[in-house]
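Let us walk through this structure step by step. Start at a single side chain, then widen the view.

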Amino acid sequence: MSAGTVPVAGGGLKQAVTDGWLIAWRHLKRVSRIPELAIMMIIQSIMFVLLFAFVFGGAIPLPGGGSYREFLLPGIYAQTIVFASSITAVGMVDDVSKGLLDRFRSLPMARSAVLSGRAIFDLIYQFGILIVLMASGYAVGWAWHDGFGNLLAGIGLLLLFVFAMSWVGIWIGLSMRTVESAQQVGFTVIFPLTFISNAFVPLASLPSWLRPFAEWNPVSTLTSSIRELWGNPNPYATENFPSEHPVVMTLIWIGIMIAIFAPLGVRKYRNLSR
Amino acid sequence: MQTETLAPPERSVSTGGKPVIVAEGLVKIYRGRKTEVRALDGLDLTVNEGSVLGLLGPNGAGKTTAVRILTTLLQADAGHATVFGLDVVKDAQRLRSLIGVSGQYAAVDEHLTGRENLILFGRLYQLTKHDAAIRAVELLEQFELTEAADRPAKTYSGGMRRRLDLASALTGRPRLLVLDEPTTGLDPRSRIGMWEAIRERVRAGATLLLTTQYLEEADELADSIAVVDHGRIIARGTADQLKSQIGGERIEVIVHRRSDLDRTRALLGGEEVSVHDHLRRITIPASGGAQRLVEVVRVLGDEGIEIDDIGLRRPTLDDVFLKLTGRATENNDESGDDAGEGKQP
């Protein structure tokens, strides 16, 4: 191979896919080198299951009855996915601060690959986490009841949400200068989003002024969608659009999030050269 | 050296000795909320094929900014630059396949092994899977990383990481290698190892642009040196040319007793005597070289002035910098003192 064979990389879909996959491969390799990160993430979710199932669960009656654990687990799946965006953010900041992003930007690779590779990785990684969590959920009494097709539809919806959250994380990561601040932003945004929702408690228990926010909250609509698709208890609070059409509403949210955060993230990435 | 062939100059844009880098009037301003820093203020630069240019300057002089613009990582606010005849903004993507960049940090993925890093970067240089794997083996061999090849990079020493970083920059067999402070933060032994690795690239015919704040390093590696200060090139030449700008050799005397300083200065006379009070050191120009040194020793001996040390000293690039900018580099405390005190008019 002579140096004259160094191709001039102009882009093209094939290169974008190959390079995106290489970046995703890099992140996947890292998971196998630092398995404790994935393990901690799973343990954290399991802690939430235990905490709510055994500590708070007894004090949370479900309107219309049903098993609290069956109600809880879809909330846990949604919560885990939303929390994951802060891992994405931290990873991006880390790559910037260690100079790795500069290295990538100096290479004749597809310009989209750094970001798309990260998003592809997030999808694969969260899918893996989800499978482990669903198995754990099954062990503590959660199950799905409405057929295999709906099971897959639920997983598909969760993964679409992962993809959207990944762009949120990428944008946060490229906007922050330190790992600590990225973590902080993650938590100040993600915590209220997750807890002012129906993930852990039925919406009827919330004060009326807080309820509209909780009802339209994408975390709630995602959780309701999963419950509905999988036949888990999903008590209505109010008769309105997000309660009646959670899947549609969630798809709309996913569309909105991608439409906002993907361009923002790409712009941040481009602005690294300013 | 095995197959380390740096690309033969096969394109019309750069035949032997022609300029590889041409930068004209580069300006870069970093705007904060209230502050405005002119990192580059009309920087001009040319680097010829097969040569090694050292960009030398203290922290904040604009070296890194210049390098980032030339390697397509950053866009200038004004001015214009081409590398291999390719515009660094418009033809950035084509240019990237011709250059190798190694920055101030060891920008490798510390959780991947050395081999995995090299294969990843090789693939992103658009080498095939097969070629990237072969190239990784070659580079690991050349940089003495073969034994550590399959260990995660985070287990490497600082010197090994830098070597891996340099190797990463070479995966695509770049025709221009750009190194931004390649040895900053390394211990002396690792630094010498890096120098050897860099020299080898140069012997293989690479064109090299190197920034450094170590004067010694520029002296060791570069054919010619451009001194950068406040975002401009303030001097350019070979190390010898720059040194001759500030005159020839000097004689340095360190007297035993500080009280002898004034008398010694009077004895040695001349205009350009500089005295360093704290170090009990007197420096005078030595136009006559060794002959003058003998005279000085005799005069001081006759007068009974005890001396701790005396010697002929060749001017260093520190002296050059001091002369050019009126201040010392931040890296040299000793000459920093010199700038402030004891200078004769």
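This is a predicted model. Begin in chain A, where the side chains of Asn232(A) and Glu70(A) make a polar contact at 3.1 Å. Where does Asn232(A) sit? Its place is the loop between α9 (218–230) and α10 (241–244) of chain A. Is Asn232(A) buried or exposed? Its relative accessibility is 5%, so it counts as buried, the cut-off being under 20%.

Look at what surrounds this residue. Leaving out residues up to four places away in sequence, Asn232(A) touches Glu70(A), Pro74(A), Trp142(A), Ala143(A), His145(A) and Arg227(A).

Now step back to chain A as a whole. How many helices and strands does chain A have? There are 11 helices and zero strands. Read along the sequence, the pattern is α-α-α-α-α-α-α-α-α-α-α.

The overall dimensions come next. Along its principal axes, the C-alpha trace of chain A spans about 70 × 35 × 35 Å. Its radius of gyration is 20 Å. A compact globule of 274 residues would have a value near 19 Å, so chain A agrees with that expectation. Of the 274 residues, 51% are buried. The accessible surface of chain A is about 11600 Å², and 70% of it belongs to carbon and sulfur atoms.

Turn to chain B. Here there are 12 helices and 14 strands. The chain is divided into domain 1 (19–243) and domain 2 (245–340). Between the C-alpha centres of these two domains of chain B lie 37 Å.

Four strands form an open sheet in the order β2-β1-β4-β5 (chain B), with antiparallel pairing. Which strands stand at the edges? They are β2 (36–48) and β5 (86–87) of chain B. Each has a single partner strand, so one side of each is left without a neighbour in the sheet. Strands of a sheet pair through backbone hydrogen bonds, either parallel or antiparallel.

Strand β4 (residues 78–83) of chain B pairs with β5(B) over two bridges, in the antiparallel sense. At one position, Val83(B) has Leu86(B) in β5(B) as its bridge partner.

A hairpin in chain B gives another view of antiparallel pairing. Strand β9 (residues 224–229) of chain B runs antiparallel to strand β10 (residues 232–237) of chain B, and five bridges join them. Within this pair, Val228(B) stands opposite Ile233(B) in β10(B). Two residues lie between the strands of the hairpin. In this hairpin, His230(B) takes a positive phi near 50°.

Finish with chain B as a whole. Of its 345 residues, 52% count as buried. Among contacts in chain B with a separation of 6 or more, 68% come from residues 24 or more positions apart. Chain B exposes about 15200 Å², with carbon and sulfur atoms supplying 48% of that area.

Technical notes: Residues are numbered from 1 along each chain as its sequence is written. Chains are lettered from A and ligands numbered from 1 in the order in which they are written. This is a predicted model: local features need pLDDT of at least 70, side-chain atom pairs count only at pLDDT 80 or more; totals for chains, interfaces and linings use all residues. Side-chain values use heavy atoms; hydrogens and water are left out. Two strands pair if DSSP finds at least two bridges between them. Domain bounds come from an automatic or database domain assignment. The radius of gyration is taken over C-alpha atoms; the globule rule is 2.2 Å times the number of residues to the power 0.38. Buried means under 20% relative accessible area, exposed over 50%, partly exposed in between (1.4 Å probe, protein chains only). Accessible areas come from the Shrake-Rupley method with a 1.4 Å probe; for residues, only the protein chains shown count as cover. A polar contact is a pair of N or O atoms within 3.5 Å; within protein, one must be able to donate a hydrogen and the other to accept it, and residues adjacent in sequence count only if both atoms are side-chain atoms. Contact means heavy atoms within 4.5 Å.
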